[in-house]
Amino acid sequence: MIRSNIPLFFVLLAYTMLFTACTSNSTIEQTNQALEFTFESPNAHIEEPFLTVNSNGQVLLSWIEKREDLNQLKFAKWDGKTWSEEKLIASGEDWFVNWADYPQIASFVDGSLMAVFLQKSGPGTFAYDVMTTFSVDGEDWSQPKVLHDDGTQTEHGFVSMKPWGENMLVSWLDGRNTAGLSHDHGDHDHKGQMTLRAAVLDSQGNKIDEWQLDDRVCDCCQTGVAIANDNPVIVFRDRSETEIRDIGMVRWEDGKWTETEPVYMDLWEIAACPVNGPRIATKNNNLAIAWYTAKDGNPEVKLIFSENKGLDFKDPVKVDLGKTLGRIGLEFIGDENLLVSWMENNRIMARTANMDGKLGKPFEIASSSEKRSSGFPQLAYDGNHSWMAWTDDQTDLKKVKVKRFADID
C-alpha cells in the first residue's frame with residue numbers, strides 16, 4: 001500500500017494547564033491538568049479526527065491527511081505514554097471529504113480492526129459510497145469494498161458502529177431511494193427519501209445480515225449505535241411528513257428491530273437538515289441519549305436517561321449554557337455517571353451528569369472555531385481518563401489536537 005513519505009509531527013505539551021476564556025458565567029470551571037497533543041504536517045491538512053477505545057481500554061485515533069490530489073486515512077494507538085507510529089489505512093484521490101461525515105475506526109472484541117471512509121461514486125455532489133476495510137493487526141488492510149449493495153450513485157454515509165458479540169453492528173444513512181432527486185428535497189412521498197439501514201459484519205468483512213430500519217429520515221445528521229447488555233439501540237434524526245425532525249430510536253428486541261420510537265417530542269419543525277446528530281451511551285442496562293434541538297429558534301442540548309435499555313425514559317435535562325452549536329459527545333465514565341460535551345460559541349464545553357439528572361459544573365476543554373471546517377469534536381473514555389480530539393482550523397494548514405483530561409464534578 002502507498003505510504004506517506006511526509007512525517008507527522010507529534011507535539012506534546014506535557015501536563016499543561018488548559019486555558020479558560022474570560023466569561024461572565026461564574027459557573028464555568030477550569031479543567032485539571034491535562035495532556036495535549038498536536039498532530040500536524042508541513043504540507044498537508046490533518047483533519048476529521050475520530051476516537052475509539054478497544055476492548056483492552058486502548059485509545060485509537062484516526063484522521064485524514066489531505067493534499068490537493070490525495071487523501072490518506074491514518075491512525076495511531078496510545079500505549080499509555082506516547083502515540084505509536086502512524087499507520088496508513090487507505091488512500092485515494094476520489095474521496096468525499098466532509099466536515100460532518102468523518103471516517104471512523106472500530107475494534108472487534110478480538111482486537112482486529114475495521115475502518116470506514118467515503119468515496120465518490122459518480123459526478124453528483126452527493127454521489128458517494130461507504131467503503132469498508134479490515135485488518136488483523138493494523139499493519140495490513142484489506143482491499144476497500146462498498147458497505148451497501150444498491151449500486152446507486154446517491155448519498156451514503158453518517159456511519160456509526162459498535163462491536164456486537166464477536167461481530168460489528170454498523171448503521172448508516174442510505175440514499176438509494178433518492179436517485180434522480182435533489183438533496184434534502186421537499187417531496188413528502190415516502191418514495192425518494194433518505195433511509196436508515198444497518199448491517200452486521202464479521203471481522204473478515206462478510207455481511208451476515210442487513211435491514212432497512214426507517215424509510216424517511218433526516219438527510220445528513222450523524223447516527224448513533226450502542227449495545228445495552230447485548231441489546232443494540234440505534235438513534236438518529238427522524239423526519240416526519242410535516243418536517244418535524246426530532247430524535248428517533250430503534251431497539252433490537254426478541255430477535256428483531258422495533259419500529260421507530262421518539263426519544264422525546266421536541267416537535268422541532270425545520271425545512272432542512274440541521275447537520276447535528278444525536279449521541280448515545282450505555283452501561284449495563286443504563287442508557288443515555290444527548291441531542292441538539294432548536295425549536296422556535298432556541299438552541300439547546302438535551303440529555304435523557306433510561307434505566308431499562310430504552311424502554312422508558314426520565315425527563316430530559318438541558319446541559320448547555322444558552323448559545324450552543326450542538327456537535328455533541330457522550331460517554332459513561334462510571335456505572336451511573338456520564339460526561340457530555342458540546343460546542344458553545346467558539347468553545348468545546350463539557351460537564352458530568354448522573355442517571356438521576358444531576359449535572360456537574362460546566363467546564364471548558366478547549367477553544368475552537370465555530371466554522372464548519374472545525375468539524376465535530378470527538379469524545380472518548382478509556383476507563384481512567386476522558387479524551388477529546390478536534391480539528392484546529394486556525395492556521396493555513398489544518399491540524400488535529402487531542403487532549404486527555406480529568407473530569408470535574
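Select tryptophan 164 and tryptophan 252: both are buried, meaning under 20% relative accessible area, with exposed over 50% and partly exposed in between (1.4 Å probe, protein chains only). The model is predicted; local features need pLDDT of at least 70, side-chain atom pairs count only at pLDDT 80 or more, and totals for chains, interfaces and linings use all residues. Numbering starts from 1 along each chain as its sequence is written, and side-chain values use heavy atoms, with hydrogens and water left out.

**Stop 1: tryptophan pairs**

Show the rings. Across the whole structure there are 22 aromatic pairs. Rings of Phe, Tyr and Trp (its six-membered ring) pair if their centres lie within 6.5 Å; planes under 30 degrees apart are stacked, over 60 edge-to-face, and the rest tilted.

Now select tryptophan 78 and tryptophan 387. Their ring centres are 5.4 Å apart and their planes stand at 65°, so this pair is edge-to-face. Tryptophan 78 sits in the loop between β6 (71-77) and β7 (87-92), and tryptophan 387 in strand β30 (residues 386-392), so the pair ties together parts 309 residues apart in sequence. Strands here are DSSP runs (E, at least two residues), numbered from the N terminus. How accessible is tryptophan 78? Its relative accessibility is 7%, so it counts as buried. Tryptophan 387 is buried too, at 0%.

Go back to tryptophan 164 and tryptophan 252. They form an edge-to-face pair, 5.3 Å centre to centre with 75° between the planes. Tryptophan 164 belongs to strand β12 (residues 156-164) and tryptophan 252 to strand β18 (residues 247-253), so this pair ties together parts 88 residues apart in sequence.

One aromatic cluster contains Phe37, Phe39, Trp63, Trp78, Trp83 and Trp387.

**Stop 2: a charge over a ring**

Select arginine 327 and phenylalanine 376. The arginine lies over the face of the phenylalanine, 5.8 Å from the ring centre. The criterion is NZ of Lys or CZ of Arg within 6 Å of the ring centre and within 35 degrees of the ring normal.

**Stop 3: salt bridges**

Switch to charged side chains. How many salt bridges does the whole structure hold? A search finds 26, each a side-chain nitrogen of Lys or Arg within 4 Å of a carboxyl oxygen of Asp or Glu.

Select glutamate 36 and lysine 403. Their side chains meet at 3.2 Å, N to O. Glutamate 36 is in strand β3 (residues 34-40) and lysine 403 in strand β31 (residues 399-405), 367 residues apart. Both residues are buried.

Next, select glutamate 210 and arginine 197. This salt bridge spans 2.9 Å, N to O. Glutamate 210 lies in strand β15 (residues 207-214) and arginine 197 in strand β14 (residues 195-201), so the pair ties together parts 13 residues apart in sequence. Both are buried.

Then pick glutamate 243 and arginine 239. Their closest N and O atoms are 2.9 Å apart in a salt bridge. Glutamate 243 is buried at 9% relative accessible area, and arginine 239 is buried at 3%.

**Stop 4: an open sheet**

Four strands form an open sheet in the order β8-β9-β10-β11, with antiparallel pairing. Two strands pair if DSSP finds at least two bridges between them. Which strands are at the edges? They are β8 (104-107) and β11 (145-146), each pairing on one side only.

Zoom in on strand β10 (residues 128-135), which pairs with β11 in the antiparallel sense over two bridges. Finish on threonine 132: its bridge partner in β11 is lysine 145.
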